[in-house]
Amino acid sequence: MKQSDIDWTPVIDLIERISREEDLLPSVVAGVASLVRDVSVLPPADIAGHTRALLAAATRAIAARRGPTEGELAFVAELGVTRARQGVPVEAVLSAIHVAERAIWSRARELAAAEGIGAGLLLDARELYDDWAEAVRSRLIKAHREASAGGGPGRPDERDAALLRRLLDGGSAAALAAAEAGLPDGGALWVLAARPAARTDRGHPQPVRPPALSALLDGLLFAVTARPPVSPGGAAAGLAGPAEAENLAAARRLAASALTAAEATGRTGVVHVADVAVVAAAADRTDLAAILLDRYRAARAELGANAEPVARAVCAWLETGRDVAAAAGRLFVHPNTVRNRVQRFTEVTGIDAADTFGGVNAWWLCRTWLTPA
């Protein structure tokens, strides 16, 4: 029978159940520490995190009957670089992986018969794993040797940026990147987006806590943390989460949208996207904004030079909860000026900004008028 015709589901389920056993990883870590002296100095959480990530990646590869992806190879390359910088010889790294593999597959053989999994099927799965592991080991050895010879990745900030980009790309590779960054396995993560001007000398958003993996990507400062960051004020920062590592690509987009929405509405500090959902949605739907502009093109032409002050008055009035005095204070005009401009907007557009949905359309239209083309 061809491998493509084999039902691997029982084996995959078995390995996944084994990986969730509470005593498995502590037992594996203890075995590695006792048998590989050069690795025994590492924190148990470090060994456990990398072992869990490698096991999860291998399971996905067996399920898909494929070799390692570039994301998986990047993870093991970084593991090789990390171990080289920790002074752990490559032979010790490979020995530690071998000890972990032996323990996990030994456990699989113990349970396979009771699960109704034949020895042949388990052997086929092990062969697939060995093919995957061989490519992984080659990349790890290469990265370790380059790092030991001084040819590894560049400065720490460059490595952080490369790691963060893989993390924020989401998908299966993100789970490996999370483990590489020391973020909790399977935990809910938060993504923060800020302008570079909001960074401190150490590169983190100010005064956001707790410290997180952060770097400049595509003109914005992004950070990922295992707990929601807090800020007492200062420059605006957009926040999205919690999200699993595999869903961080969407969280990144939402955090960036939250930042834009926070800035558009004058918010400061860390602003979760849920708190500015309508504004964020409006900013993302440029197609609908274009339709609004086209629908009310004649109205804007009728307002002429007054279009901008009218739009500012409508926005200020709506953003202050339809409080004329507050809006007038924000704009440094008389309250009657705000009333007159809101009334003028209603006359030329036919939109009743006092109505709930009319107010949303009015705000969106006026914000679009005020946004530079």
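1. Salt bridges. The count comes to 11 salt bridges, a salt bridge being a side-chain nitrogen of Lys or Arg within 4 Å of a carboxyl oxygen of Asp or Glu. Side chains of opposite charge can pair when their charged atoms come close.

2. Basis. This is a predicted model, in which local features need pLDDT of at least 70, side-chain atom pairs count only at pLDDT 80 or more, and totals for chains, interfaces and linings use all residues. Residues are numbered from 1 along each chain as its sequence is written, and side-chain values use heavy atoms, with hydrogens and water left out.

3. Overall build. The chain has 16 helices and five strands. These are DSSP runs, numbered from the N terminus: helices are H or I with at least four residues, strands are E with at least two.

4. D130 and R126. These side chains form a salt bridge, 3.1 Å from N to O. Both residues sit in helix 6 (residues 119-148), four residues apart, about one turn of the helix. D130 is partly exposed at 31% relative accessible area. R126 is partly exposed too, at 23%. The cut-offs: buried is under 20% relative accessible area, exposed is over 50%, and partly exposed lies in between (1.4 Å probe, protein chains only).

5. E146 and K142. Helix 6 also holds this pair, again four residues apart, about one turn of the helix. E146 has a relative accessible area of 34% and is partly exposed.

6. R367 and E319. Here the salt bridge has an N to O distance of 2.9 Å. The pair links distant parts of the chain: R367 belongs to helix 16 (residues 356-370) and E319 to helix 13 (residues 307-319), 48 residues apart. R367 is partly exposed, at 22% relative accessibility. E319 is partly exposed, at 23%.

7. A network. Salt bridges link E302, R344 and E347 in a network.

8. Burial and contacts. Of the 373 residues in the chain, 45% are buried. Take the contacts between residues at least 6 apart in sequence: 71% of them join residues at least 24 apart. A contact means heavy atoms within 4.5 Å.

9. Surface. The accessible surface of the chain is about 18500 Å². Carbon and sulfur atoms account for 53% of that surface. Accessible areas come from the Shrake-Rupley method with a 1.4 Å probe; for residues, only the protein chains shown count as cover.
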